[in-house]
Amino acid sequence: MGVSNPHFLFYHIFIIMNHKIITRQIIKEIIDENRTPVMKYYAFDWDDNLMFMPTKIYLKDDKGKSVGMSTEDFAEYRTEIGEKDFNYEGHTIVGFDEDPFRDFRVTGDKKFLSDSKSAKIGPAWPDFVEAINNGSIFSIITARGHTPSIIKKAVYDLIKKNAHGIDSNKLAKNLLKYRQLADEDKLTKDQLIKTYLDMCRFYPVSFGEGSATNPEQGKIDAMEEFIRYVKLISHNLQKKAFMKNKISNYFTPFVGFSDDDVRNVEKMKSHFEKKDDNILQTYLTSGGEKKLYEDIY
Ligand SMILES: [Mg+2]
């Protein structure tokens, strides 16, 4: 029997290990060299990942006063709020203020638009620039509850302004090259950008019913939807390319997700890594630095 032969066994272990190494190598090359923008997809948390916005969450101190907390500090303190009293910037915080997320909802839509024009960029910004300049499909998955089209409008404005390294000419060129939008109609550069943003996805997960205090599940649901969408468009692009005889072998798409909140990244990773057909890679950007989450834990 072949199986009892140690050479046979070692040979097969070698094949399996080798296959894993090769698969990992291919994914690494796609990540590193960014050669195939139509197979690489991105998902970004907004606050403290793409941008450091000045928006505050409102808490209450022991004297009944309203105290604003930055989103960066909120990622650190949020499980303690209302659970136990703690000191924050000279106040004893006892819980949330009335409507603590008032600036993160539809009522804060205008503020989001203006803040995004002046906010400092965050650790995942270079990836955002890479995604846009290559014409890659991305999604914004944020705990905020703004009107989805407001976030799209903010990104449109950033593209039109060529903000912080975005190159709208490069984007237009790559859209024509990779997405063959040119076949469909003669589009102006502005129409190209708008069509591109219509293909991207914007998930403010506490819009409507969601909860901003526990955004993890909302973010997982949004990612489930985005991955289904990515698989569908990637399959369609593959079919189109196959018909035109451009690509003969099938490449699996993958999605890179970055968030600065370790609880979001942990929940997201452990939810998706259980799946056989997982295509998600998670990155943690806390402390202003991007790390592949697997590498540190
Ligand atoms: Mg964040």
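Author: In this predicted model, residues 24 or more positions apart account for 72% of the contacts in the protein chain with a separation of 6 or more. The chain holds eleven helices and twelve strands, and buried residues make up 33% of its 297 residues.

Helix H4, residues 125-134, is the part to examine here. Its buried residues are Trp-125, Asp-127, Phe-128, Ala-131, Ile-132 and Asn-133, and what covers them includes strands S1 (40-44), S7 (120-121), S8 (138-142) and S10 (254-259), together with helices H5 (148-160) and H6 (168-178). Just after H4, Gly-135 takes a positive phi of about 75 degrees.

One of the covering elements, H5, also packs with helix H3 (residues 109-118), for the two axes come within 10 Å and cross at roughly 20 degrees. Because angles under 35 degrees count as roughly parallel, H3 is roughly parallel to H5, and H3 passes H5 in a right-handed crossing. The contact is made by Asp-109, Phe-112, Leu-113, Ser-116 and Lys-117 of H3, and by Ile-150, Lys-153, Ala-154, Asp-157 and Leu-158 of H5; by class, these are five nonpolar, one polar and four charged residues.

Leaving aside neighbours within four places in sequence, Val-255 is in contact with Tyr-41, Ala-43, Phe-226, Ile-227, Val-230, Ile-279 and Leu-280.

Technical notes: Residues numbered from 1 in each chain as written. Predicted model: local features only at pLDDT ≥ 70, side-chain atom pairs only at ≥ 80, totals over all residues. Buried ≥ 20, exposed ≤ 12 C-beta atoms within 10 Å, placed from the backbone. Helix = DSSP H or I, 4+ residues; strand = E, 2+ residues; numbered from the N terminus. Contact = placed C-beta atoms within 7 Å. Axes fitted to C-alpha atoms, helices over the stretch in contact; angles between N-to-C directions. Parallel < 35°, antiparallel > 145°, perpendicular 65-115°, else oblique. Left-handed = near helix turned anticlockwise from the far one by under 90°. Nonpolar A, V, L, I, M, F, W, Y, C, P; charged D, E, K, R; others polar.
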